[in-house]
Amino acid sequence: MFILEKLAQYARTERTAIVYGEDSLSFAALEQRSNAFARYLLDTLADDHTPVMIYGHKELAIPACMFGCLKSGRGYVPVDTTFPPERVQRIAEQVQPKLVVDLAGCGVKAPTVLDAAALEQVLSLPAETVSRENWIAPDQTAYILFTSGSTGTPKGVQITAGNLAAFREGVAPWFNLGLDGGRFLNEISYSFDVSVCALYDALGRGMTLYTVDKQMLGDPKTLFAALRQSGIDAWVSTPSLAEICVQSEQFTSQLLPQVKQFVFCGEVLTKKLTEQMMERFPGVPILNAYGPTEATVLVTAAEMTKDMLQSDRPLPIGYAFENVAARIVSDSGAVLPDGEAGELLLVGESVSPGYFGRPDLNAKSFFTDEETGQQGYHTGDLCYRLNGLIYYCGRLDSQVKLNGFRVELEDVEHHLVRVDNIARAAVLPVMTDGKVTSLTAFVLLEHPDGLSSLKRGQAIKAALAGVLPSYMIPRKFIALDAFPLNTNGKVDKKSLAALL
């Protein structure tokens with residue numbers, strides 16, 4: 001597997017693999033510790049290849065455990081400490097792990113449980129290089145990431161070693177900055193697929209991961225002190241993190257003088273944020289990228305331009321990677337011509353083999369492509385293509401019916417962020433007796449406006465009246481100082497719903 005080969009290569013250098021606060025881990029140490037963990041797994045689990053559950057946040061030991069799993073021919077399931085206890089237990093019930101790495105007291109029962117102290121003893125053992133014969137095979141599951149399920153039961157997305165190789169091949173033209181070394185922002189939770197960019201792409205290029213954890217994110221002073229010291233060359237995050245940062249005048253090229261590229265994914269990138277980033281970091285490329293977990297992180301990307309900002313269209317989510325077939329189809333499955341919106345289907349070697357233990361869901365979401373024989377995935381995203389660029393219009397399942405009219409919530413959000421002084425918006429339906437009776441919009445202001453809630457709402461409604469029909473205009477507007485973020489760095493709409 002390519003990442004294991006690269007780790008061995010860089011272990012022969014003096015490079016640092018990960019920095020976390022005052023602590024750091026060299027590539028040599030990462031190689032030794034992952035070998036030690038692999039040896040332990042081979043001795044403890046023998047031929048049982050049940051995935052190893054890893055519970056923690058950003059501890060330096062976690063990547064060693066992940067790569068140790070791969071070296072021993074088995075996958076892993078990363079579970080973040082921010083997950084509610086009930087969700088952790090549900091994941092464990094599905095996986096039935098034989099071994100759990102428990103760095104923060106998750107309470108999951110298993111034949112073997114390693115707490116932080118016991119794990120450190122294992123990782124400190126001297127270990128020879130693990131034979132390639134034991135390494136994970138291309139068709140074997142490398143990791144399982146659990147995402148929210150519509151029924152409340154988490155869905156485990158299986159990603160194989162072959163999927164990861166296809167991702168690396170597809171993303172290479174976009175992430176290849178000519179960097180041999182350098183520093184990469186390591187902010188994304190390991191339980192969220194975007195962290196793969198750090199673990200498998202950045203480390204695979206000999207870069208140093210500079211870690212920012214959830215405590216730093218909750219304290220702007222600490223966060224900016226960390227960013228000032230980071231010296232990062234590459235930034236990959238959700239737009240929400242950057243929107244928090246641009247509220248401070250410190251967030252400029254003086255804070256991050258070495259940064260050579262920004263990549264945003266996981267959420268809609270607004271024109272306002274893009275314009276702010278261009279002003280704060282002149283000349284630094286800003287990429288908008290897209291990809292569902294089921295297709296291994298990212299499948300499209302494009303550099304944002306000033307022409308795109310001036311266009312009436314939303315920002316594109318990019319061009320499809322060369323090794324991914326992105327098709328936009330009608331309800332009947334017919335491929336649509338340029339400019340017509342339909343569901344985006346993805347076909348290629350980066351598409352997951354399916355959800356763990358869920359044949360019922362696999363039959364609905366995945367398919368075998370008749371032309372190529374490759375795995376395909378129904379994204380559920382409404383998109384259209386124009387001149388090769390793909391534009392995202394919203395989720396097919398985010399449509400609500402209000403007073404007989406069909407309303408795309410993301411369409412309303414798109415127009416809200418074009419209103420003067422609104423940096424971010426989230427629109428939620430208000431339900432009464434199981435029926436949508438109105439819309440409420442949560443907004444993040446660029447600057448305090450000194451208005452009462454009533455007058456602010458009136459001003460926003462007046463601005464929207466020129467671009468939206470009356471039935472699409474939210475009845476209520478709630479201004480927040482900051483949007484709550486979930487463990488994936490996205491706006492937490494469940495937390496917002498509690499404020500309705």
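## Helices and rings: worked exercises

In helix α3, the buried residues are Ala61, Ile62, Pro63, Ala64, Cys65, Met66, Phe67, Gly68, Cys69, Leu70 and Lys71. Here "buried" means under 20% relative accessible area and "exposed" over 50%, with partly exposed in between (1.4 Å probe, protein chains only). Helices (H or I, at least four residues) and strands (E, at least two) are DSSP runs, numbered from the N terminus.

Before you start: this is a predicted model, where local features need pLDDT of at least 70, side-chain atom pairs count only at pLDDT 80 or more, and totals for chains, interfaces and linings use all residues. Residues are numbered from 1 along each chain as its sequence is written, and side-chain values use heavy atoms, leaving out hydrogens and water.

**Exercise 1.** Work out how α3 sits in the structure, and look at what follows α3.

*Solution.* 
- Step 1: Eleven of the eleven residues of α3 (residues 61-71) are buried, so α3 is largely enclosed by the rest of the structure.
- Step 2: Move on to Gly73, which follows α3 and has a positive phi, near 80°.

**Exercise 2.** Find which residues of α15 are buried and which are exposed.

*Solution.* 
- Step 1: Check the length. α15 (residues 453-464) has twelve residues and spans 16 Å from first C-alpha to last, close to the 16 Å expected at 1.5 Å a residue. That expected span is 1.5 Å times one less than the number of residues.
- Step 2: Pick out the buried ones in α15: Arg456, Gly457, Ile460 and Leu464. They share one side of α15, because they cover an arc of only 100° around the axis (the arc of the directions from the helix axis to the C-beta atoms).
- Step 3: See what covers the buried residues of α15: the cover includes α14 (409-416), β24 (422-432), β25 (435-445) and β26 (476-480).

**Exercise 3.** Describe the aromatic pair of Phe37 and Tyr40.

*Solution.* 
- Step 1: Know the rule. Rings of Phe, Tyr and Trp (its six-membered ring) pair if their centres lie within 6.5 Å; planes under 30 degrees apart are stacked, over 60 edge-to-face, and the rest tilted. The structure holds 13 such pairs.
- Step 2: Apply it. Phe37 and Tyr40 are stacked, 6.5 Å centre to centre with 25° between the planes.
- Step 3: Locate them. Both lie in helix α2 (residues 27-45), three residues apart, about one turn of the helix.

Conventions
Contact means heavy atoms within 4.5 Å.
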